[in-house]
Amino acid sequence: MDIEPIDSSSASDLPAPNFPVVGVGASAGGLAAFEAFFTGMPELVEPGMAFVLVQHLAPDHKSILADILRRCTKMQVFEVEDGMLVQQNCVYIIPPDRDMAFLNGTLQLLEPSAPRGLRLPIDFFFRSLAQDHRSLAIGIILSGTGNDGTQGIRAIKAEGGMVMVQSIESCDFDGMPRSVINTGLADYELAPKEMPAQLLTYTKHSLGRLAKSSSRPVFNEESAMKKVFVLLRAQTGHDFSLYKPSTIHRRIDRRMAVHQIDGLENYVKYLQQSPTEVETLFRELLIGVTNFFRDPEVFHVLESQVIPKIFADKSPGSVIRVWVSGCSTGEEAYSIAILLLEHMEALKANFTVQLFATGIDSRSIAAARAGVYPASIASDVTPERLARFFTLEADGSVYRIHKTARDLIVFSEQDVLKDPPFSKLDLITCRNLLIYMGLQAQKRLVPLFHYALKPDGFLLLGTSEGVGEFDNLFNVLDRKAKLYRRKEHMHGLHRMSMGRFMPHQTGTAEAVQFPAKQGVAKLSTTGTKSLREITEQALLDQVIAAGILVNHHGDILYLHGRSGMFLEPSPGESGINNVLKMARQGLRHELTSSLHKAAGTRTTISCPGISVKTNGHFTTVNLTVRPVNTPGVADSSLFLVILEEAPLTAPASLPEVAANNQAATSNENSSFTTDALIASLRAELRSKEEYLQCTIEELESSSEELKSSNEEMQAVNEELQSTNEEMETSKEELQSVNEELATVNTELQTKVNDLSRANNDMNNLLAGTGIGTVFVDHQLRIMRFTPAASSIINLILSDVGRPVAHIVSNLAGYTNLVHDVKRVLDTLVAQETEVQTIDGKNYTMRIQPYRTKENVIEGAVISFVDITDIVKTRNALLKANDLLRLAVVVRDAQDAITVQDLEGEIIAWNPGAVRLYGWSEAEALEMNVRSRIPESLHETELAMIVKLSRAELMDSYTAKRLTKSGQCLEVSVTSTALMNESGKVYAIATTERARRNETS
């Protein structure tokens, strides 16, 4: 399989892989763990997933981890290149001095932004893997020091992924595994060799559940889910039924995959039998990822805009109250405390700060109270703040928060959905909590926060959250940072949402207040002017009998005066009182049209002389609908409905009555016809009124349906927004940690250094010995060769891979190299031959099989050992042997054999000369030839020596010689001149034999 890098610019166009991707992180001692992990992988089963290995590597040292792992697995192993596409059944290894991220199924390499010693490559990769691969992401932490990977597995768990960790007893270095285990988020604690089997079982079950869940109706197990909520509430005291269903189902499906449980009913039974699993599920539902000064832009807004305004209207010694809801492990609470302390220092004044940090996870609250954090927070906190508000522990691994910041905060367990809130607060932060809650819970919490804040208090939400339909309760200060400021709401609004947390208010006997429908009346007033005062102020401009303050939907906000003559309660459930539904017969049509016209034109609409049926008779009523302008509020959409009884008309004059009577008498004959016409007109009028009433009711029904559809669309939109917010959560978490902890893998580094040193030693050894070596495979292609082989066989680097038969050699008279190599490969019997190069050098050529550690033949090794000096020495020994044989002859001869230089000094004296003359060899070597010649013969003998020095040939002659005892012997002398390589005489050798007729 060829893996080609792809252009990162097109990464977003790639389909996301639908198979699990396993991120494996390790540090010191990780090599042995990697080898054990892949050795434990079943050989006959393809895992169906990809493995990405992230290890702390020395940035200036080339990694050989890929070469090592290729011996442990049949899967293809690659060192990652930028933009490489991740494929199934492959292993990918991070290169040195790089951070790596997972994006749209590809691996992206980045240059580390943090200095060496502060990098966290495992956290960096795990976060990107969780963000991109969601529930198909799997994180494994193996042996290592420090705590790199702990934040990354939090992100994987938050997205519904699975986490494995190496068991403590099997670790060479347990820092990283222990840090993960202490979080309580690890699904499995196993030795590396046991992990593959469990991993395959989990993925098989998890993918099976994913396929089933995609084919079944959404949330068709409502009854079983309720049982899960009951068990959670019974053991933990917290109700998760208001949390987002998709999040709950994803977490439960993952826990079922961990335990290989099919069916939610079976999981309910398992929960009933295992209280520890209930606790584990509770912890997983509360997974939170946070860090100091998370989202620096948001904290800059908080520091520059919010905190100065909180202190602006307060005198020294005043109380500042802040609530951090969902505080997790306390980083955000301490971050805000630091900002408050810095601002008080800038003001040079003291204030009483009460900072409440709450959550429902007891472990997280305990960690927050301890105020101890890993040394990696140095990447989030400036050096100045670290020096002032933190203390580095003796071992240098953790920071502890100073007492000045710790004393400002009260940490406590609190369920924001059921426990009473704090009150009179200047600031509330609730970041990334609402995105995990359902719409009903969000509608409960936003008004709750409004109630808890002081007038003009501040609310800070997560960057993916908002106040939804409650924009009438808050002003937006910074939409990007999700910063809001409390409005002063109208009395009676959202009272149903406040529940028991807000006191009910009642009006006077002449004023009745009705709760308004949520999402209908979105208005507020400034100052302390109430709705009653607004209504009464408008009524002072009119002399009326009854006035009703309504919104543009007709919902009654306030009643003034006696309105029973015109309005009556509508049948059905009592809830929101609407003036259109309560209008008596004859009034509803005109009231509806007038309110509609007034809302459209923003002008006063009058309808005089309306006939309204009241208590069995009809009353003439004058109707006026006029808009009400609320000071300081634009487009408040309030209207005042004015109803007053019309004055009676004056009685007709007598002449007119008489005339009418006369006319009636004169038309007496046509009375029957008139009565019939009147009856017909009344019937037609009644029919039209019924038709009009039906039309009005249909319009109202359509309007209600439209409202319902609109609310459903809003709910769907909020669900989509929440889904989008969940997708952005990992991005926020990825921004929180972007450094590397460069803890060099001691064990791997040592082994790599040893291997590198051994390779260097071997190369230098082969180069130093001058042994030429050529490695060939079964096809006689050259695999490697040493530099010394280049002078024997003409080889260059580009010849690697070529058949050895194609290479011209410098061997003289030897052409059987290919034949001999094939014979060695066939018989596996080594062969040795002496060869000579064309420049006269001699070598011993040895051909032997190439055997691996497993005794597998993978080719042949041709070696050339230089024996030129040996050959020369051998030839010299042959010559020496010849000389030795000659020396034996000289030694054993009976004649006296002597050698003398041209000056007459004796330089050789054989045993024969000892016997003949009596002097020993040592004595003779100190003598001159003159001492053995009688004085009378000196000149004659010297002349002969001179003649011999000229290389003139001389026959044997008779001469006289003295013995040690002084006896003069007559001897036969044969003299020979000895010459050196240049032909110059350097000595004279004589053979002397006593004559038989010698005399004393």
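This is a predicted model: local features need pLDDT of at least 70, side-chain atom pairs count only at pLDDT 80 or more; totals for chains, interfaces and linings use all residues.
Figure 1. Together with L883, L886 and V890, V889 forms a nonpolar patch on the surface. The accessible area of these residues together is about 360 Å².

**Figure 2. R932, a buried residue in a loop.** The loop that holds R932 lies between helix 27 (921–924) and helix 28 (938–949). R932 has a relative accessible area of 1% and is therefore buried, the cut-off being under 20%. Leaving aside residues up to four places away in sequence, R932 touches T898, I906, W909, Y917, W919, M927, K960, R961, L962 and E992.

**Figure 3. The pairing of strand 23 with strand 24.** Strand 24 comprises residues 617–628 and runs antiparallel to strand 23. Eight bridges join strand 23 to strand 24. C607 has L623, in strand 24, as its bridge partner.

**Figure 4. The salt bridge between R178 and D174.** Side chains of opposite charge can pair when their charged atoms come close. In the salt bridge of R178 with D174, the closest N and O atoms are 2.7 Å apart. R178 is partly exposed, with a relative accessibility of 39%. D174 is likewise partly exposed, with a relative accessibility of 28%.

**Figure 5. The salt bridge between R385 and E303.** The side chains of R385 and E303 meet in a salt bridge, with an N to O distance of 3.7 Å. Because R385 lies in helix 14 (residues 383–389) and E303 in helix 11 (residues 296–312), the pair ties together parts that are 82 residues apart in sequence. R385 is buried, with a relative accessible area of 15%, whereas E303 is partly exposed at 36% relative accessibility.

**Figure 6. The salt bridge between R995 and E970.** The closest N and O atoms in the salt bridge of R995 with E970 are 3.6 Å apart. The pair links distant parts of the chain, 25 residues apart. R995 is found in the segment after strand 35 (985–994), while E970 is in strand 34 (residues 968–979). R995 is partly exposed, with a relative accessible area of 32%. E970 is also partly exposed, with a relative accessible area of 25%.

**Figure 7. A network of salt bridges.** D313, K314, D426 and K454 are linked in a network of salt bridges. A search of the whole structure finds 25 salt bridges.

Terms used: Residues are numbered from 1 along each chain as its sequence is written. Side-chain values use heavy atoms; hydrogens and water are left out. Two strands pair if DSSP finds at least two bridges between them. Helices (H or I, at least four residues) and strands (E, at least two) are DSSP runs, numbered from the N terminus. Patches are made of residues with over 30% relative accessible area and no salt bridge: like charges are joined within 9 Å, nonpolar side chains (Val, Leu, Ile, Met, Phe, Trp, Tyr) within 5 Å. Accessible areas come from the Shrake-Rupley method with a 1.4 Å probe; for residues, only the protein chains shown count as cover. A salt bridge is a side-chain nitrogen of Lys or Arg within 4 Å of a carboxyl oxygen of Asp or Glu. Buried means under 20% relative accessible area, exposed over 50%, partly exposed in between (1.4 Å probe, protein chains only). Contact means heavy atoms within 4.5 Å.
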